[in-house]
Amino acid sequence: MKYCRFEYEGNVRFGLIETAAEGERITALVSDPPALMNIQQITPIMLTDAMLRAPVQPSKIVCVGRNYREHAAELGHDVPPEPLIFLKPPSSLLDPGVNIIRPKISQRVDHEGELGVIIGKTCHNLGPDEDVRPYIAGYTCVNDVTARDLQNKDGQWTRAKGFDTFCPVGPIVSDEIDPWSGIDVETRVNGEIRQSGNTRDFIFPLEVVIRHIAQVMTLLPGDLIATGTPKGVGPMQAGDVVEVFVKDVGTLRNRVTD
């Protein structure tokens with residue numbers, strides 16, 4: 001199952017995506033994502049004809065820091081003994097295709113391409129052997145944009161991670177991948193690959209991450225988890241086009257501006 005949030009003829013809706021001979025099409029409208037209730041069939045709309053919006057409207061965005069060993073090493077950090085989590089505000093969400101704005105108070109703004117997990121049902125205090133898969137609605141692409149100089153200056157990460165436009169998400173949500181078996185995650189800047197990783201390389205797999213977060217806070221349907229970034233983070237300049245690719249999900253593309 002794949003779905004998106006899209007604008008077409010002045011209306012913003014959630015829609016189911018199906019693959020046909022001519023390409024991917026939106027074939028039905030749905031309400032109450034990610035539960036996807038009240039399915040209403042429509043005359044198919046080619047996905048390329050719709051303006052895609054961020055496919056999530058989370059109550060919170062929970063991110064995992066240093067979940068790839070080589071990324072921790074490139075920043076000179078130790079591997080954490082347990083998942084290192086932080087929050088980005090929902091106001092940082094950005095639609096596919098919309099500009100990432102570099103704040104004037106930062107001299108270095110970095111890309112961090114990641115796999116995003118969308119929570120499908122309320123999740124809190126899971127048992128140690130409880131399967132986390134039933135709590136996952138699907139997966140998407142995330143760019144955890146970071147003002148690196150402010151992150152280093154502040155010591156804590158709220159300001160560096162929380163600017164408006166610092167959380168591009170999309171273009172769609174899919175439950176047709178299996179991160180446990182290994183999914184490629186790449187970031188390209190102006191067509192050049194800067195980051196290339198695979199979810200097999202997670203220090204903390206998804207079951208550990210989700211159980212850890214759910215010990216602290218209740219995860220609600222639609223909440224977004226950014227699962228960590230591979231090595232290769234680097235600065236973005238005004239005019240750059242940044243693409244986050246998750247295999248079998250799609251490519252999230254945004255331009256950078258001052």
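Biologist: Where does Pro-34 lie?
Modeller: Pro-34 lies in the loop between strand S3 (23-31) and strand S4 (37-46). Strands here are DSSP runs of E with at least two residues, helices are runs of H or I with at least four, and both are numbered from the N terminus. This is a predicted model, in which local features need pLDDT of at least 70 and side-chain atom pairs count only at pLDDT 80 or more, while totals for chains, interfaces and linings use all residues. Residues are numbered from 1 along each chain as its sequence is written, and side-chain values use heavy atoms, with hydrogens and water left out.

Biologist: What kind of peptide bond joins Pro-33 and Pro-34?
Modeller: The bond is cis, with omega at about 5 degrees. A cis bond also joins Gly-170 and Pro-171, with omega about 5 degrees; Pro-171 lies in strand S14 (residues 167-174).

Biologist: What makes the phi of Leu-36 worth a remark?
Modeller: Its phi is positive, about 60 degrees, although Leu-36 is not a glycine. Leu-36 is found in the loop between S3 and S4.

Biologist: Why is Leu-36 called buried?
Modeller: Buried means under 20% relative accessible area, exposed means over 50%, and partly exposed is in between (1.4 Å probe, protein chains only). Leu-36 has 12%, so it counts as buried.

Biologist: Which residues is His-71 in contact with, leaving aside its neighbours within four places in sequence?
Modeller: They are Arg-66, Thr-229, Pro-230, Lys-231 and Val-233. Contact means heavy atoms within 4.5 Å.

Biologist: Why do Glu-70 and Lys-231 count as a salt bridge?
Modeller: A salt bridge is a side-chain nitrogen of Lys or Arg within 4 Å of a carboxyl oxygen of Asp or Glu. The N to O distance for Glu-70 and Lys-231 is 3.8 Å, so the pair meets the rule. Glu-70 lies in helix H1 and Lys-231 in the loop between S17 and strand S18 (234-235), so the pair ties together parts that are 161 residues apart in sequence. Lys-231 is partly exposed, at 42%.

Biologist: How many salt bridges does this rule give?
Modeller: The count comes to 18.

Biologist: What makes Arg-108 and Asp-110 a salt bridge?
Modeller: Their closest N and O atoms are 2.7 Å apart, so the pair is within the 4 Å limit. Asp-110 is buried, with a relative accessible area of 0%, whereas Arg-108 is partly exposed, at 33%.

Biologist: Why are Glu-192 and Arg-194 both called partly exposed?
Modeller: Glu-192 has a relative accessible area of 46% and Arg-194 has 32%, so each lies between the limits. Their side chains meet in a salt bridge at 3.8 Å, N to O.

Biologist: Which residues do salt bridges that share partners join into one network?
Modeller: The network holds Lys-88, Arg-108, Asp-110, Glu-112, Asp-144, Arg-148 and Lys-161.
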